[in-house]
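Here is a short note on the model shown below.

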Amino acid sequence: MCNVEDKQAARPFEKQCTRHYPLPMTSQLTDRAALIRNRQRALRDPALFLHEMAADDIQDRLSLVNKTFTDKAVITGFPDFWRSRFPDAACIEDTEQLQLAEHSQDLVIHAMCLHWASDPVGQLVQSRRALRP
């Protein structure tokens, strides 16, 4: 506990001593309505060069793997773009509840949207459950 009078005398230009309480926790990390609005605005004049680079890199890495993936899923905020790059994959939106059945996929790509999730760990768990053992 600090003594306000002592603090003011020692440092007259500093603010008074106050207790700092942690901010209340909110249930959402992301303002989903603002995110959707901003994504729709971005689609008016698409400049998805980072997505293009990521898609090129993923395709390059998959070409080096000695396995054929038959059931692919791409989780993304821009499904039309990723559908054009991976036409045989199920492109699903990055909602809180992913539309993936358990043990239904042999490849899941979370394409540049995990950082927008309100529960990123939950999305990783859902993605893992969708993979076949």
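**Notes on pockets, strands and a helix**

1. The second largest pocket has a volume of about 240 Å³. Of its 13 lining residues, Leu43, Gly77, Phe78, Pro79 and Glu93 are the closest to its centre. The elements giving two or more residues to this lining are α2 and α4 (79–85). α2 gives the most, with five residues. By class, the lining divides into six nonpolar, three polar and four charged residues.

2. Basis: this is a predicted model, in which local features need pLDDT of at least 70, side-chain atom pairs count only at pLDDT 80 or more, and totals for chains, interfaces and linings use all residues. Residues are numbered from 1 along each chain as its sequence is written, and side-chain values use heavy atoms, with hydrogens and water left out.

3. Terms for the pockets: on a 1 Å grid over the protein atoms alone, a pocket is an open set of points where a 1.4 Å probe fits, with protein on both sides within 12 Å along at least five of seven lines; lining residues have an atom within 4 Å of a point. A volume is the space filled by probe spheres set on the points, which are joined across faces, edges and corners. Nonpolar means Ala, Val, Leu, Ile, Met, Phe, Trp, Tyr, Cys and Pro; charged means Asp, Glu, Lys and Arg; the others, Gly among them, are polar. Helices (H or I, at least four residues) and strands (E, at least two) are DSSP runs, numbered from the N terminus.

4. The largest pocket has a volume of about 340 Å³. It is lined by 22 residues; nearest its centre lie Ala42, Leu48, His51, Phe78 and Trp116. α2 (32–44) and α3 (49–63) are the elements that give two or more residues here. The largest share, five residues, comes from α2. The lining has 13 nonpolar, six polar and three charged residues.

5. Strands β1 (residues 72–76) and β3 pair in the parallel sense over five bridges (pairing needs at least two DSSP bridges). Val74 has Ile109 of β3 as its bridge partner. Side chains alternate along β3 (residues 107–111): Leu107, Ile109 and Ala111 point to one face and are buried (under 20% relative accessible area, 1.4 Å probe, protein chains only).

6. Which residues of helix α5 (residues 120–130) are buried? They are Gly122, Gln123, Gln126, Ser127 and Ala130. Seen down the axis of α5, these fall within an arc of 140°, so they line one face of the helix (the arc is that of directions from the helix axis to the C-beta atoms). On the other side of α5, Val121, Arg128 and Arg129 are exposed (over 50% relative accessible area). What covers the buried residues of α5 includes β1 and β3.

Note on methods: Contact = heavy atoms within 4.5 Å.
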